[in-house]
Amino acid sequence: MKTWRFLSFSAEFNLTFRTSKPNGMIFYIEGQYAKKAPYDFESLYIMDGKLNYLVFNPEPTGIGSSFGSHVMTDFDVNTNEDIQVSLS
């Protein structure tokens with residue numbers, strides 16, 4: 001039996017993709033909106049052939065100050081071969 005949870009404190013993504021393009025968006029997610037802005041942003045994209053993952057939580061949600069993280073591969077992913085990604 002599959003269970004859907006509307007709110008979660010964690011997430012896990014597993015995906016496989018193939019591309020020869022040097023730039024593109026794989027996914028972009030915005031969290032629940034506050035009165036003026038989204039709570040958080042999360043994206044996985046390709047820029048100049050490198051895979052990038054960005055997560056950002058703007059002030060004043062959560063801990064009361066902005067925080068985030070950006071990581072990028074040190075190798076090209078636009079090789080037209082299968083690329084497996086796991087985020088947790």
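User: Hi! Before we start, what does "buried" mean here?

Analyst: Buried means under 20% relative accessible area. This is a predicted model, and buried residues make up 25% of the 88 residues in the protein chain.

User: Thanks. How many helices and strands are there?

Analyst: The protein chain has 0 helices and 6 strands, so the order from the N terminus reads β-β-β-β-β-β.

User: Which residues make up the largest nonpolar core?

Analyst: There are 10 residues in it: Phe17, Phe27, Leu44, Ile46, Leu51, Tyr53, Val77, Ile83, Val85 and Leu87. E3, E4 and strand E6 (83-87) each give two or more residues to this core.

User: And which element gives the most?

Analyst: That's E6, with 3 residues.

User: What does valine 85 touch?

Analyst: Setting aside residues up to four places away in sequence, valine 85 touches Phe13, Asn14, Leu15, Phe17, Leu44 and Leu51. Phe17, Leu44 and Leu51 also belong to the largest nonpolar core.

User: Switching topic: where is aspartate 48 found?

Analyst: Aspartate 48 lies in the loop between strand E3 (41-47) and strand E4 (50-57).

User: Is aspartate 48 buried or exposed?

Analyst: Exposed, because its relative accessibility is 59% and the cut-off for exposed is over 50%.

User: Which residues is aspartate 48 in contact with, beyond its neighbours within four places in sequence?

Analyst: Pro22, Asn23 and Asp76. Proline 22 is 26 residues apart from aspartate 48 along the chain, with 5.0 Å between their C-alpha atoms.

User: Last one: what is the accessible surface of the protein chain?

Analyst: About 7,100 Å², and 55% of that belongs to carbon and sulfur atoms.

Technical notes
Residues numbered from 1 in each chain as written. Predicted model: local features only at pLDDT ≥ 70, side-chain atom pairs only at ≥ 80, totals over all residues. Heavy atoms only, no water. Helix = DSSP H or I, 4+ residues; strand = E, 2+ residues; numbered from the N terminus. Buried < 20%, exposed > 50% of the residue type's maximum accessible area, 1.4 Å probe, protein only. Contact = heavy atoms within 4.5 Å. Core = buried A, V, L, I, M, F, W, Y, C linked by side-chain atoms within 4.5 Å. Areas by Shrake-Rupley, 256 points an atom, 1.4 Å probe, with all protein chains shown as cover.
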